[in-house]
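Below is a short report on one structure, written for a reader who is new to such models. Please look at the sequence and the 3D view before reading on.

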Amino acid sequence: MKSYTQIPPGTQILIGRAARRRRVLERAICSVFEGWSYEEIIPPIFDYYDVFAKGWGQEEQIYRFIDREGNILALRPEFTSLVAKTVATRLASSPKPIRLFYSGEVLRFEKAKGGRQREFAQIGIEHYGGAGKSADVEILLVAVETFQRLGIQSFQINLGSVDFFGGIIDRMELPKEQVGALKEVLNIKDQSGLESLLQQLKLDEQRERIMRAVPHLTGGRQVIAEARSLVKNARSVEALDHLEEIYSIFERLDLAQHLTIDLGEIRGFDYYTGILFRAYVRGLGFEVASGGRYDGLPAAFGEDTPAVGFSFSLDRLEQLVMPALDSTEALPPAVEVDSDFAKAIRLRQSGKAVKLCL
Amino acid sequence: MLVIALCKGRFLEPSLDLLQRTGIRFLDDVASSRKLIFDSADSADNLYRVVLVKPADVPTYVEYGAADIGIAGRDVLLETRADVLQPLDLNFGHCKLAVAGPKGTSSVNGSGQPTIRIATKYPNITLDFYNSRGIPVEIIPLSGSIELAPLIGLADRIVDLVETGRTLRENGLEILEVIAESSARLLINRAGYQTKRDEVRRLIQALEKVVAGGVS
């Protein structure tokens with residue numbers, strides 16, 4: 001039996017200034033979301049295990065438990081599956097688009113990393129019912145304003161699409177294990193690993209050329225042109241058209257300096273179906289936000305509607321120096337009052353902060 | 001500025017050699033000094049800082065972004081499972097990660113016991129290797145002189161890095177099966193690859209040229 005005072009790995013306690021920073025940050029971000037007409041949703045902290053196992057995947061990271069009736073339940077490892085389930089059921093007859101935001105703790109059985117524990121805070125938005133580029137652009141703009149509102153200038157949003165690589169790999173008709181091995185070496189941009197894999201796979205010259213190029217397809221508009229010279233299949237080409245349209249809109253809005261096209265990024269949860277992005281800030285070794293499109297997810301809960309969204313990691317954002325957090329250094333100055341409780345009440349009624357000195 | 005984590009020990013000299021051949025000059029003699037942090041002699045916008053750490057810690061420094069770039073053996077990367085980019089094989093420090101044991105034995109049998117006892121510095125790699133074959137093993141974690149373990153009955157087999165095989169031979173052991181080939185790799189933090197893209201790319205390309213040019 002462990003001692004009562006021990007702290008289980010992966011949990012943390014925020015006190016005083018740390019808790020104030022968390023709340024100030026949370027409020028600032030929520031006000032951005034509300035400014036784009038997103039309504040808050042507060043889903044339950046646990047649900048049936050299947051909701052997350054079918055939606056999110058990553059089964060080995062889910063904290064699960066059994067209730068008294070023998071049902072398998074799980075503590076939420078993320079919000080997206082919960083929100084998708086709600087949209088597909090309770091909100092099935094609501095007019096689209098549906099815009100929702102959430103903020104709260106999630107739990108994953110994983111190594112604590114980059115200031116993120118096993119229990120960590122996520123804040124994000126979900127947009128349902130918008131299939132085209134408009135919804136994609138909308139959520140990217142909300143992410144951009146979130147950074148700006150927090151006074152973070154040096155942020156970088158890396159935008160890719162699962163359809164670009166998906167379109168290439170579809171046509172190769174490789175066995176599943178080989179696709180897995182290919183993704184593994186591309187995911188870490190391992191050139192020598194790729195070369196030895198290509199020797200085994202015996203692809204044609206054109207496909208080898210594509211595979212060698214994929215890890216380097218990161219940058220501005222020219223990346224899209226480069227990618228166009230490599231692929232002909234409809235799915236990849238459509239993905240490139242789509243990314244180019246988004247990029248052009250960002251150029252017109254004078255925001256393209258924050259956007260990087262990244263076709264070499266092939267990581268992501270199984271549920272992603274279109275665009276996929278991760279946001280980085282100079283000085284932090286881990287991404288601070290990620291998101292994308294997951295049109296298939298609501299369908300898993302019975303309502304076929306397109307969906308796109310993102311989430312920020314509050315624990316990671318808190319590590320950045322932010323002007324927006326300056327006001328959280330200390331509590332506002334308080335009037336000190338002896339045991340005169342009536343005076344304390346009067347001061348409180350007049351809006352003053354009081355501190356009883358008993 | 002880019003921060004580069006290098007291993008103390010046998011990787012240090014070839015790592016420094018590679019960096020110097022890309023044109024980086026250091027203010028101090030990195031190999032002989034007792035300092036842990038070294039700055040390059042370049043101009044401020046083209047500055048490199050080298051930090052010296054234990055080989056097994058290089059992937060951690062890079063994964064967390066304390067260093068943007070690192071040089072470490074593939075064995076260490078496989079063992080730590082660090083989530084970092086690994087674009088280049090630097091083509092030195094070639095070794096084999098292998099199961100070894102007394103001559104004429106096999107990697108998949110112990111000494112008659114149902115569970116093979118394996119002494120190693122690489123518990124994760126060892127478990128992955130045997131788990132993928134469904135063979136139960138007992139890991140005996142050691143941090144040095146691994147070859148001793150089967151000689152005095154502490155373990156049936158070892159999993160270790162083998163360079164020339166001389167230590168194995170002199171102790172009556174031999175490679176029973178190779179798990180993976182290892183060599184020095186360039187590691188890059190995922191976020192740094194994006195937020196310091198131009199600086200990072202420049203260094204990768206310079207190193208790529210040096211490596212392709214043949215390392216003596």
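In β4(A), L75(A) is the bridge partner of F46(A). Strand β4 covers residues 72-75 of chain A, and three bridges join it to β2(A), the two running antiparallel. Strands here are DSSP runs of E with at least two residues, helices are runs of H or I with at least four residues, and both are numbered from the N terminus. Two strands count as paired if DSSP finds at least two bridges between them. Strands of a sheet pair through backbone hydrogen bonds, either parallel or antiparallel.

What is the order of the strands in the open sheet of chain A? Three strands form it, in the order β2-β4-β3, with antiparallel pairing. The edges are taken by β2 (46-48) and β3 (64-66) of chain A; each has a single partner strand, so one side of each is left without a neighbour in the sheet. On average, neighbouring strands of this sheet are turned by 35° against each other, direction ignored. Axes are lines fitted to C-alpha atoms (for helices, over the stretch in contact), and angles run from 0 to 180 degrees between N-to-C directions.

## How to read the model

This is a predicted model, in which local features need pLDDT of at least 70, side-chain atom pairs count only at pLDDT 80 or more, and totals for chains, interfaces and linings use all residues. Residues are numbered from 1 along each chain as its sequence is written, while chains are lettered from A and ligands numbered from 1 in the order in which they are written.

## Where chain A touches chain B

The contact takes 15 residues from chain A and twelve residues from chain B. Two residues are in contact if their C-beta atoms, placed from the backbone, lie within 7 Å. On the side of chain A that touches chain B, β7 (155-161) and α7 (191-201) each supply at least two residues. That side divides into four nonpolar, seven polar and four charged residues. Ala, Val, Leu, Ile, Met, Phe, Trp, Tyr, Cys and Pro count as nonpolar, Asp, Glu, Lys and Arg as charged, and the others, Gly among them, as polar.

## Chain B as a whole

Chain B has eight helices and eleven strands. Its C-alpha trace spans about 65 × 30 × 30 Å along its principal axes.

The domain assignment of chain B gives domain 1 (2-93 + 183-212) and domain 2 (95-181); such bounds come from an automatic or database assignment. The centres of the two domains of chain B, taken over C-alpha atoms, are separated by 30 Å. Their contact takes six residues from domain 1 and eight residues from domain 2.
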